[in-house]
Amino acid sequence: MFINTLPIIFTYVHLFTPIEAGIFLTAVFGLVYFYTPIINPLWKERACGNWYAILKSAWLGKVALWRAFWPFFLIINGILFYIDYRIANITYTIASWKTVHGMVFLPILWWTIAVWRCSGNTHQRWQAAGARTFTIYLFLELLLRLFISIQHPITLFDCRLLVMEYGDCL
């Protein structure tokens, strides 16, 4: 998360400074930590069966927080890193980049709800607050990516590709 977007914002766009970004992201974590409920120490994980049962249990908040958070966190960051890698190698256009973001939007919503429901299923409050904060950070990342693709596409995309729409890089 924020591997390519923040350097572009800091270097080319100057929307905000690194200090302002650090203060804002720390304030988001502080607010989420303050509003994260006290953890139930008597919670125990229930056994799960196949993948569908695990996904359903995560949606309902019945699995451990790490089961709901870490697999999808690694997958979504891998996807974001891969599409940025494809852009760096000039094999993706703005339209295909936006299409991938559209395809992962609903799974991100599922993940956010699952993490927030499962955040009571851990023994430390800072872990629950950290997982919740990273879901918010992912939405901020998507907003920054949308901003870059609409307002400053020339900073990320090679506009010499013939398959791009004419108006994307003006």
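This is a predicted model: local features need pLDDT of at least 70, side-chain atom pairs count only at pLDDT 80 or more; totals for chains, interfaces and linings use all residues.
Residue numbers start from 1 along each chain as its sequence is written. Local features need pLDDT of at least 70 and side-chain atom pairs pLDDT 80 or more, while totals for chains, interfaces and linings use all residues, and side-chain values use heavy atoms, without hydrogens or water.

The protein chain has 6 helices and 0 strands. Its elements run α-α-α-α-α-α from the N terminus. Helices (H or I, at least four residues) and strands (E, at least two) are DSSP runs, numbered from the N terminus. Of the 170 residues, 39% count as buried. Buried means under 20% relative accessible area, exposed over 50%, and partly exposed in between, with a 1.4 Å probe and protein chains only. Contact means heavy atoms within 4.5 Å. Among contacts with a separation of 6 or more, residues 24 or more positions apart account for 74%.

Start with the largest nonpolar core, which holds 40 residues. Such a core is a set of buried Ala, Val, Leu, Ile, Met, Phe, Trp, Tyr and Cys residues joined through side-chain atoms within 4.5 Å. Ile108, Trp111 and Leu156 touch the most other members. Two or more residues come from each of α1 (5-13), α2, α4 (65-88), α5 and α6 (125-151). Trp111 touches Ala68, Phe69, Phe72, Phe73, Phe134, Thr135 and Leu138, leaving out residues up to four places away in sequence.

Now the rings. A pair of aromatic rings is described by the distance of the centres and the angle of the planes. Rings of Phe, Tyr and Trp (its six-membered ring) pair if their centres lie within 6.5 Å; planes under 30 degrees apart count as stacked, over 60 as edge-to-face and the rest as tilted. The count comes to 14 aromatic pairs. Phe10 and Phe16 are edge-to-face, because their centres are 6.0 Å apart and their planes stand at 80°. Phe10 is partly exposed at 24% relative accessible area, and Phe16 is partly exposed at 22%. Phe69 and Phe134 form a tilted pair, 6.2 Å centre to centre with 50° between the planes. This pair links distant parts of the chain: Phe69 is in helix α4 and Phe134 in helix α6, 65 residues apart. Phe69 is buried at 5% relative accessibility, whereas Phe134 is partly exposed at 34%.

Next, the crossing of α3 and α5 (residues 94-118). Their axes come within 6 Å and cross at roughly 65°. Axes are lines fitted to C-alpha atoms, for helices over the stretch in contact, and angles run from 0 to 180 degrees between N-to-C directions. Leu55, Ala58, Trp59 and Leu60 of α3 meet Trp110, Ile113, Ala114, Arg117 and Cys118 of α5. These residues divide into 8 nonpolar, no polar and 1 charged. Here Ala, Val, Leu, Ile, Met, Phe, Trp, Tyr, Cys and Pro are nonpolar, Asp, Glu, Lys and Arg charged, and the others, Gly among them, polar. Arg117 lies over the face of Trp59, 4.7 Å from the ring centre. A charge sits over a ring if NZ of Lys or CZ of Arg is within 6 Å of the ring centre and within 35 degrees of the ring normal.

Finally, turn to α2. Arg125 lies over the face of Tyr33, at 4.7 Å from the ring centre. Thr36 lies in the loop between α2 (18-35) and α3 (51-60). Thr36 is buried at 3% relative accessible area. Beyond its neighbours within four places in sequence, Thr36 contacts Arg125, Ala128, Ala129 and Arg132. Leu31, in helix α2, is exposed at 52%.
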